[in-house]
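Here's a briefing to read with the structure open beside you. Take it one topic at a time and find each piece as you go.

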Number of protein chains: 2
Amino acid sequence: MKIPVLKPAAQDTVTAFDDELANLARALSHPARVAIVRHLAAAGTCVCGQIVEVMPLAQATVSQHLKVLKEAGFVQGEVDGPRTCYCVDPETMKRFQSLVASLPA
Amino acid sequence: MKIPVLKPAAQDTVTAFDDELANLARALSHPARVAIVRHLAAAGTCVCGQIVEVMPLAQATVSQHLKVLKEAGFVQGEVDGPRTCYCVDPETMKRFQSLVASLPA
DNA sequence: TCATCTTATCGTACATCTACGATAAACGAT
DNA sequence: ATCGTTTATCGTAGATGTACGATAAGATGA
């Protein structure tokens, strides 16, 4: 069990802000996921299959992207019979926009 | 040379907007890179070594993160004698903020 | 010139991401 | 109960990301 010696400022240079923003940014770091979010926002609500129809990707891949977006909080999925109904979570989107907007330009 | 058959909407579901936003988001998808951008913005301008001092990462790793940020356009590096002086590119940051803000919440 | 300082790059190991087909799981309808 | 429909998950192959030490490259100063 080796405890590495940290530099003086190493403990707090990378903050919770950085972690949160990086996590949200990572969820949108793939063009397909941005497209899914836009499509979902435009449609309001959408069954998984409708997204698959419109994306140039296999169903398994789309499902995986949806999982990433869901884990980051960008979308919510509600089970509706044999289907799953997806929509964007506006709170997470607003949070992301707020964090990005707070970066100094 | 195999030409895959695309679905009807597959050509234009993923747009240039999605690519551009995803590229910028990917550059900020690591906490260390967000921290570097913040630190750089706060300092105005910064020599590479000063960033290394403050980050809990090896010099090679910081240099690599700076390269990613530079390739995405978030930072600029100006050679100054034996040193390299870094600063954020406000245009790219504003562009990123504008793209993110344009996402429907 | 030579030693020193600073930064970029190389090589490398390990982890994570991305894509897909195949399959499982859950539901409605017959 | 069985079938068809829809979606999530598994397994996997190949690409990319992340971290580091070692080293090269470039500039300054002795």
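Which residues in helix 5 of chain A meet which residues in helix 5 of chain B? Phe96(A), Gln97(A), Val100(A) and Ala101(A) meet Phe96(B), Gln97(B), Val100(B) and Ala101(B). Before going further, know that this is a predicted model, where local features need pLDDT of at least 70, side-chain atom pairs count only at pLDDT 80 or more, and totals for chains, interfaces and linings use all residues. Residues are numbered from 1 along each chain as its sequence is written, while chains are lettered from A and ligands numbered from 1 in the order in which they are written.

**How the two chains relate**

- Turn chain B by 180° with a shift of 0.0 Å along the axis, and it can be laid on chain A with an RMSD of 0.0 Å (copies are superposed by least squares on the C-alpha atoms of residues with pLDDT of at least 70 in both).
- That's the relation of a two-fold axis.
- The same surface serves both copies, as 100% of the contact residues of chain B recur in chain A.
- Ala25(B) is the residue of chain B that comes closest to the rotation axis, with its C-alpha at 2.5 Å.

**Where the chains touch**

- The contact takes 35 residues from chain B and 35 residues from chain A (two residues are in contact if their C-beta atoms, placed from the backbone, lie within 7 Å).
- On chain B's side, helix 1, helix 2 (31-43), helix 3 and helix 5 (90-101) each give two or more residues (helices are DSSP runs of H or I with at least four residues, strands are runs of E with at least two, and both are numbered from the N terminus).
- Helix 5 of chain B supplies the largest share of that side, 7 residues.
- By class, that side of chain B divides into 25 nonpolar, 4 polar and 6 charged residues (Ala, Val, Leu, Ile, Met, Phe, Trp, Tyr, Cys and Pro count as nonpolar, Asp, Glu, Lys and Arg as charged, and the others, Gly among them, as polar).

**Two helix pairs across the contact**

- Helix 5 of chain A and helix 5 of chain B pack at about 165°, with their axes 9 Å apart (axes are lines fitted to C-alpha atoms, for helices over the stretch in contact, and angles run from 0 to 180 degrees between N-to-C directions).
- These two helices are therefore roughly antiparallel to each other (under 35 degrees counts as roughly parallel, over 145 as roughly antiparallel, 65 to 115 as roughly perpendicular and the rest as oblique).
- Helix 2 of chain A and helix 1 of chain B pack at about 120°, with their axes 8 Å apart, and are therefore oblique to each other.

**Around the DNA**

- Of the 23 residues around DNA strand C, Ala58(A), Ala60(A), Cys48(B), Gly49(B) and Ala60(B) come nearest (a residue is near a strand if its C-beta atom, placed from the backbone, lies within 6 Å of it).
- Helix 4 of chain B gives the most to the surface near DNA strand C, with 6 residues.
- DNA strand D is surrounded by 23 residues, and the closest are Cys48(A), Gly49(A), Ala60(A), Ala60(B) and Thr61(B).
- Near DNA strand D, helix 4 of chain A gives the most, with 6 residues.
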